[in-house]
Amino acid sequence: ELTGDPCDIATRVARGNGAQLVSCTEVPGLAGAIDVDVEVDLNHWVTVLGPARGMARAGPPAEEVSDPP
C-alpha cells in the first residue's frame, strides 16, 4: 500500500518505471482527485517523435455516479 502525498507517490512511481513526472494537479470539484502527466524518452531511433506522454487521474471513488443527461 502506498501512503503519503499523491504527487510524491506519483514521482516515485514514474521514476521507478523510467519516466518523469511532468505535472501533478488537483482536479477542481473532485475532492482528493489529481491529474498526473508523465513522459519517457523513446529509443534513439524514434527520438524525432519526442518523448512519449501519458496522463492519468487518481483519487477516491465518487460518492455517486450519475448518467450524463
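The structure is a predicted model, in which local features need pLDDT of at least 70 and side-chain atom pairs count only at pLDDT 80 or more, while totals for chains, interfaces and linings use all residues. Residues are numbered from 1 along each chain as its sequence is written, and side-chain values use heavy atoms, with hydrogens and water left out.

**The whole chain**

Begin with a cartoon view of the protein. Helices (H or I, at least four residues) and strands (E, at least two) are DSSP runs, numbered from the N terminus.

Next, display the surface. The protein exposes about 5,700 Å², of which carbon and sulfur atoms supply 54%; accessible areas come from the Shrake-Rupley method with a 1.4 Å probe, and for residues only the protein chains shown count as cover. Of the 69 residues, 19% are buried. Buried denotes under 20% relative accessible area, exposed over 50%, and partly exposed the range in between (1.4 Å probe, protein chains only). Among contacts (heavy atoms within 4.5 Å), those between residues 24 or more positions apart make up 19% of the contacts with a separation of 6 or more.

Select R57 and D35, whose side chains form a salt bridge with an N to O distance of 2.7 Å. R57 belongs to strand β3 (residues 52–58) and D35 to strand β2 (residues 34–40), so the pair ties together parts that are 22 residues apart in sequence. D35 is buried, at a relative accessible area of 16%.

**E39 and R53**

Now select E39 and R53, which form a salt bridge with their closest N and O atoms 4.0 Å apart. This pair links distant parts of the chain, since E39 lies in strand β2 and R53 in strand β3, 14 residues apart.

**The surroundings of E39**

Finally, keep E39 selected and display the residues around it. Which residues is E39 in contact with, leaving aside its neighbours within four places in sequence? They are A19, Q20, V22, P51, A52 and R53.
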